[in-house]
Amino acid sequence: DQQVKQNSPSLSVQEGRISILNCDYTNSMFDYFLWYKKYPAEGPTFLISISSIKDKNEDGRFTVFLNKSAKHLSLHIVPSQPGDSAVYFCAASAWGYQKVTFGTGTKLQVIP
Amino acid sequence: DGGITQSPKYLFRKEGQNVTLSCEQNLNHDAMYWYRQDPGQGLRLIYYSQIVNDFQKGDIAEGYSVSREKKESFPLTVTSAQKNPTAFYLCASRTDRDFYNEQFFGPGTRLTVL
């Protein structure tokens, strides 16, 4: 039972354009969401997060949007750069719950 | 420099042998985690520990064992009962101050069973 889903395994975007990565979740108890970036043969690194009391969080070129009614979040990268090429994981957790559930990842390729 | 170390980076073992993967953190985090990554499957939780001498099974604990004798250390043993042990293993930790925070990951160990 995949509680966090990233339905696009891969995405290609031209340098300078917007990258939009999507994530859906099914568990209504989730109230904290995170995005991680991962290069091959390395551990994931934290990118940005959002709690359920917000619908948007921004950090430089990265913005995460949360639509609680649709159980959907998205990560926007503007402008995209070649160094952004990596696998992006969406993750979700709930207050009082130590487990963190990850999606299957989306591989982003930014073409120079 | 605070962080998480995993050793070794690459590990080769013969089928039927138990193997222990090391994970150490100096971030003073209470919670520690082990994940397994397979192609196209994301990160799947094997075990996690919120406090010394206590740990809980994750989603795919069968064939694995852990211990948490020290706050800094959370070793994972891959036993011969694990049917398909070849994978990339990731250790992570997180502060317990509140639940709205991120995990910090180690660099991973690539285990190959021959």
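Author: Start with the interface. Chain A and chain B bury about 2100 Å² between them, where buried area is the accessible area (1.4 Å probe) that two parts lose on being put together, summed over both. Carbon and sulfur atoms make up 61% of it. On the side of chain A, Trp95(A), Gln98(A) and Lys99(A) supply 32% of the area that chain A buries against chain B, more than any other three residues.

Reader: Before we go on, what kind of model is this, and how are things numbered?

Author: This is a predicted model: local features need pLDDT of at least 70, side-chain atom pairs count only at pLDDT 80 or more, and totals for chains, interfaces and linings use all residues. Residues are numbered from 1 along each chain as its sequence is written, chains are lettered from A and ligands numbered from 1 in the order in which they are written, and side-chain values use heavy atoms, with hydrogens and water left out.

Reader: OK. How many residues does each chain put into the contact?

Author: Chain A gives 22 residues and chain B gives 26 residues. Contact means heavy atoms within 4.5 Å.

Reader: What is the count of salt bridges between chain A and chain B?

Author: One salt bridge. Lys99(A) forms it with Asp59(B), and the closest N and O atoms are 3.0 Å apart. The rule asks for a side-chain nitrogen of Lys or Arg within 4 Å of a carboxyl oxygen of Asp or Glu.

Reader: And which elements of chain A touch chain B?

Author: Those that give two or more residues are strand E4 (32–38), strand E9 (86–94) and strand E10 (97–102) of chain A. Strands (E, at least two residues) and helices (H or I, at least four) are DSSP runs, numbered from the N terminus. E10(A) gives the largest share, five residues. By type, this side of chain A divides into 12 nonpolar, six polar and four charged residues. Here Ala, Val, Leu, Ile, Met, Phe, Trp, Tyr, Cys and Pro count as nonpolar, Asp, Glu, Lys and Arg as charged, and the others, Gly among them, as polar.

Reader: Take E9(A). Is it largely enclosed or open?

Author: Largely enclosed by the rest of the structure, because eight of its nine residues are buried. Buried means under 20% relative accessible area, exposed over 50%, partly exposed in between (1.4 Å probe, protein chains only).

Reader: How many bridges join E9(A) to E4(A)?

Author: Seven, and the two strands run antiparallel. Two strands pair if DSSP finds at least two bridges between them. Trp35(A) stands opposite Cys90(A) in E9(A).

Reader: What about E10(A) and E9(A)?

Author: They pair in the antiparallel sense over three bridges. Ala91(A) stands opposite Phe102(A) in E10(A). The two strands form a hairpin with two residues between them, and Gly96(A) in the turn has a positive phi of about 85°.

Reader: And E11(A)?

Author: Strand E11 (residues 106–111) of chain A is joined to E9(A) by three bridges, again antiparallel. Lys107(A) in E11(A) is the bridge partner of Val87(A).

Reader: New topic. What is the strand order in the open sheet of chain A?

Author: The order is E1-E3-E8-E7-E6, five strands with antiparallel pairing. Strand E1 (4–5) and strand E6 (56–59) of chain A are the edges, each pairing on one side only.
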